[in-house]
Amino acid sequence: MIDKQRIIPLIVATALFMENMDSTVIATSLPAIAADIGTSPLTLKLAITSYLLSLAVFIPASGWTADRFGARLVFAIAVGVFMIGSVGCALSGSVTGFVFARILQGMGGAMMTPVGRLVLLRSVDKSALVNAMAWVTVPALIGPVIGPPLGGFITTYASWHWIFLINIPIGLLGIFMALKFIDPIKSETQEKFDLYGMVLAGVGLAGIAFGLSVAGLNLLPWSTVAALVAGGAISMTLYVIHARRTGSPVLDFSLLRLPTLRAAIIGGFLFRLGIGALPFLLPLLMQIGFGLTPFHSGLVTFSSSLGAMGMKTLAARLIRAFGFRNLMTVNAIVSAFFLGVCALFTVTTPLLIIMVILVVGGFFRSLEFTAINTVAYAEVESPQMSRATTLVSVNQQLAVSAGVAVGAASVETTMWLNHVSELNATVFMPAFVVVALTSAASSFFFWQMPADAGHEISGRKAIEVASRKGAAKSAASAAVKAATEDTQDMRDQRLG
């Protein structure tokens, strides 16, 4: 069990790192790829949006697929599909071929993220879940940050083809380790696949995610973007109506009745929306506002990953000491503060100070992500775990897309109000303030969780019980304590 609690999180983390890095590394290399295959960088941005579109369409099917065929097998196949898509990208000689390969990558990525998390939840004991989630959270933060400088380095000193080919040895290692160390666990109950719900949810998520993603790229007119988002919203509304009438929905919104999952979904969406804009806004500020090269800009923004890695060893202790509700409420505000501080960066701000702020901010952001990703499953029963991971993954995808859209809209609104036609350092300040306030708003929903939220997986309950030993108690207090403990024991039995 000790080996699995260490190895399995690393297997899942490796796959997620590969996906997260690949999603951002391509942005830096678009001009070189476009020139090589004979098209414009603007046209090739379809490769980014097609990947996001593929993710949105296929994520809802991940939970049922894992239950039907086994999470280990689906995870290994998903990594293989992602690798095939990577090879296709490297061999592409046209826009059509490149976009098709990116869609194939998206199909693999749509299964890797939620199914990888499901593998983790079914393989690791709940008492070790916080540490396991800490390992998985780090690549989610490092990938988008290390992607741009790595892409710039490979494109400058080697060839853009290697951006995709480096996924092959990583993927092969991940498949081998998954088949060797992950148990072939299948769901005990086989549910009928909700094809109609899959179509409605896929169209709805694709319209919303694709519309929000292209909103900041100036690829389509705003009327078309609005139509995409509105069409997606209508399709999702129809899906919600349909989901109430079926016993096996692909997206089970009834799970939102669980206080911890509801807080992780709603509060996590707001927090990720603000933080998700950082990888979009900060490189633009560094390169366009301050005149840094893409490579040097990436080195500066990479510093936030150092804080994320530093958090890994402390997350479990901090959550155990303060509890999920207290820590997540306060830390959301602290993380938002360091995000808002970026609005004060100017061309005269020493890079050392910027890097220190990013390191400290990266620590608190990573801590919050670990807590959100862990507490989401505190009250989820084992048979519902696949549905919960699918719901969380969809929420994360929409939050990141919305974050980029909000960041881009804030910058464009500032330019319009100031009658500025070109980007400069000053137009980014309001955008950082807007996304920081959005992230801070998540603390309200975290505070709505029960005071003992997630105590079963954080170890907080044991601390509170130990602290009461030896204290003088009245008869009434003893009765209340006994009743509380009985309630907690019943809850523990129900949660398994």
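A: Begin with one side of a helix: the face of α9 turned away from its buried side carries the exposed residues Pro169, Leu172, Phe176 and Lys180. Buried means under 20% relative accessible area, exposed over 50%, and partly exposed in between (1.4 Å probe, protein chains only). Helices (H or I, at least four residues) and strands (E, at least two) are DSSP runs, numbered from the N terminus. This is a predicted model, in which local features need pLDDT of at least 70 and side-chain atom pairs count only at pLDDT 80 or more, while totals for chains, interfaces and linings use all residues. Residues are numbered from 1 along each chain as its sequence is written, and side-chain values use heavy atoms, with hydrogens and water left out.

Q: Which residues of α9 are buried?

A: They are Asn167, Ile168, Gly171, Gly174, Ile175 and Ala178. An α-helix has 3.6 residues a turn, so residues three or four places apart point the same way. In α9 the buried residues fall within an arc of 130° seen down the axis, so they line one face of the helix. The arc is that of the directions from the helix axis to the C-beta atoms.

Q: How many residues does α9 have, and what span does it reach from its first C-alpha to its last?

A: The expected span of a helix is 1.5 Å times one less than its number of residues. Helix α9 (residues 167–181) has 15 residues and reaches 21 Å, close to the 21 Å expected.

Q: How many helices and strands are there in the protein chain?

A: The protein chain has 23 helices and zero strands. Of its 496 residues, 53% are buried. The chain exposes about 20,700 Å², and carbon and sulfur atoms supply 69% of that area. Accessible areas come from the Shrake-Rupley method with a 1.4 Å probe; for residues, only the protein chains shown count as cover.

Q: What part of the contacts comes from residues 24 or more positions apart?

A: Contact means heavy atoms within 4.5 Å. Among contacts in the protein chain with a separation of 6 or more, residues 24 or more positions apart account for 84%. Ala209 touches Ala56, Leu398 and Ser401, not counting residues up to four places away in sequence. At 0% relative accessibility, Ala209 counts as buried.

Q: How many aromatic pairs does a search of the whole structure find?

A: Rings of Phe, Tyr and Trp (its six-membered ring) pair if their centres lie within 6.5 Å; planes under 30 degrees apart count as stacked, over 60 as edge-to-face and the rest as tilted. The search finds 10 pairs. One of them joins Trp160 and Phe164, edge-to-face at 6.3 Å centre to centre with 85° between the planes. Both of these residues are buried. In another pair, the ring centres of Phe271 and Phe369 are 5.4 Å apart and the planes are at 75°, so this pair is edge-to-face. Phe271 lies in helix α12 (residues 259–276) and Phe369 in helix α18 (residues 351–375), so the pair ties together parts that are 98 residues apart in sequence. Phe271 and Phe369 are buried. Phe337, Phe338, Phe363 and Phe364 form one aromatic cluster.

Q: Which charged residues lie over the face of a ring?

A: A charge sits over a ring if NZ of Lys or CZ of Arg is within 6 Å of the ring centre and within 35 degrees of the ring normal. Lys180 lies over the face of Phe181, at 5.6 Å from the ring centre. Arg325 lies over the face of Trp447, at 3.9 Å from the ring centre.

Q: Which residue takes a positive phi although it is not a glycine?

A: His419 does, with a phi of about 55°. His419 lies in the loop between α19 (385–417) and α20 (429–447). With 74% relative accessibility, His419 counts as exposed.

Q: Is Thr156 buried or exposed?

A: Thr156, in helix α7 (residues 129–157), is exposed, with a relative accessible area of 57%. Thr156 and Ser29 are 127 residues apart in sequence and 9.0 Å apart in space, C-alpha to C-alpha.
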